[in-house]
Amino acid sequence: QVQLVESGGGLVQPGGSLRLSCAASESGFSIVVAGWYRQAPGKQRELAARISSDSRTNYADSVKGRFTISRDNAKNTVYLQMNSLKPEDTAVYYCNADLRRGFGPTSSSWGQGTQVTVSS
């Protein structure tokens with residue numbers, strides 16, 4: 001029942017920047033590990049970035065050096081800072097996270113998706 005709420009998508013020109021946010025819809029849940037996936041029409045979904053519970057990060061080669069994933073544990077929010085955006089970055093971006101209440105069981109949740117369009 002816990003949802004991840006995404007925000008920050010939109011239309012941007014090539015070379016521009018956007019910052020996506022992903023947060024749990026209910027209080028009391030912490031994000032353990034989180035990732036940002038993206039999917040363009042007719043293409044396979046790919047993992048763009050991931051951040052672990054100890055803030056270790058991994059990036060797809062296609063976004064490395066341009067995207068930065070980060071987290072604010074106090075706000076239970078994960079961000080994706082996207083710089084130097086290219087038209088090929090156009091996709092629906094989905095946040096996925098393992099959520100945990102205290103040290104109880106974890107559950108995987110997905111955000112609703114947010115459209116990122118890079119076009120001049």
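A search of the whole structure finds 1 aromatic pair, where rings of Phe, Tyr and Trp (its six-membered ring) pair if their centres lie within 6.5 Å, and planes under 30 degrees apart count as stacked, over 60 as edge-to-face and the rest as tilted. The pair is formed by Tyr37 and Trp110 and is tilted, with 5.1 Å centre to centre and 50° between the planes. Distant parts of the chain are linked by this pair, Tyr37 lying in strand S4 and Trp110 in strand S10, 73 residues apart. The model is predicted: local features need pLDDT of at least 70, side-chain atom pairs count only at pLDDT 80 or more, and totals for chains, interfaces and linings use all residues. Residues are numbered from 1 along each chain as its sequence is written, and side-chain values use heavy atoms, with hydrogens and water left out.

Tyr37 is partly exposed at 22% relative accessibility, and Trp110 is partly exposed at 35%. In these terms, buried means under 20% relative accessible area, exposed over 50%, and partly exposed in between (1.4 Å probe, protein chains only). Tyr37 also has the charged end of Arg45 over its ring, 5.5 Å from the ring centre. A charge sits over a ring if NZ of Lys or CZ of Arg is within 6 Å of the ring centre and within 35 degrees of the ring normal.

Strand S4 (residues 30-39) runs antiparallel to strand S9 (residues 91-100), and 8 bridges join the two. Helices (H or I, at least four residues) and strands (E, at least two) are DSSP runs, numbered from the N terminus, and two strands pair if DSSP finds at least two bridges between them. Ile31 stands opposite Leu99 in S9. Leu99 also has a bridge partner in S10, namely Ser107. The pairing of S9 with S10 (residues 106-110) is antiparallel and comprises 5 bridges. In the hairpin of these strands, with 5 residues between them, Gly102 adopts a positive phi near 65°. S9 pairs as well with strand S11 (residues 114-118), in the antiparallel sense and over 3 bridges. Here Val92 is opposite Gln115 in S11.

Another set of pairings involves strand S8 (residues 77-82), which is antiparallel to strand S7 (residues 67-72) over 6 bridges. The hairpin of S7 and S8 has 4 residues between the strands, and Asn76 takes a positive phi near 50° in it. Ser70 has Tyr79 as its bridge partner in S8. Tyr79 in S8 also has Ser21 opposite. Strand S3 (residues 18-24) pairs with S8 in the antiparallel sense over 6 bridges. S8 is mostly covered, 5 of its 6 residues being buried.

Salt bridges were counted as a side-chain nitrogen of Lys or Arg within 4 Å of a carboxyl oxygen of Asp or Glu. By this rule the count comes to 5. Arg38 forms a salt bridge with Glu46, the closest N and O atoms being 2.7 Å apart. Arg38 counts as buried at 6% relative accessibility, while Glu46 is partly exposed, with a relative accessible area of 29%. Arg38 forms a salt bridge with Asp89 too, at 2.8 Å between the closest N and O atoms. Asp89 lies in the loop between S8 and S9 and Arg38 in strand S4, so the pair ties together parts that are 51 residues apart in sequence. Asp89 and Arg38 are both buried. Salt bridges that share partners join Arg38, Glu46, Arg66 and Asp89 into one network. A further salt bridge is formed by Lys64 and Asp61, whose closest N and O atoms are 3.2 Å apart. Both Lys64 and Asp61 are exposed.
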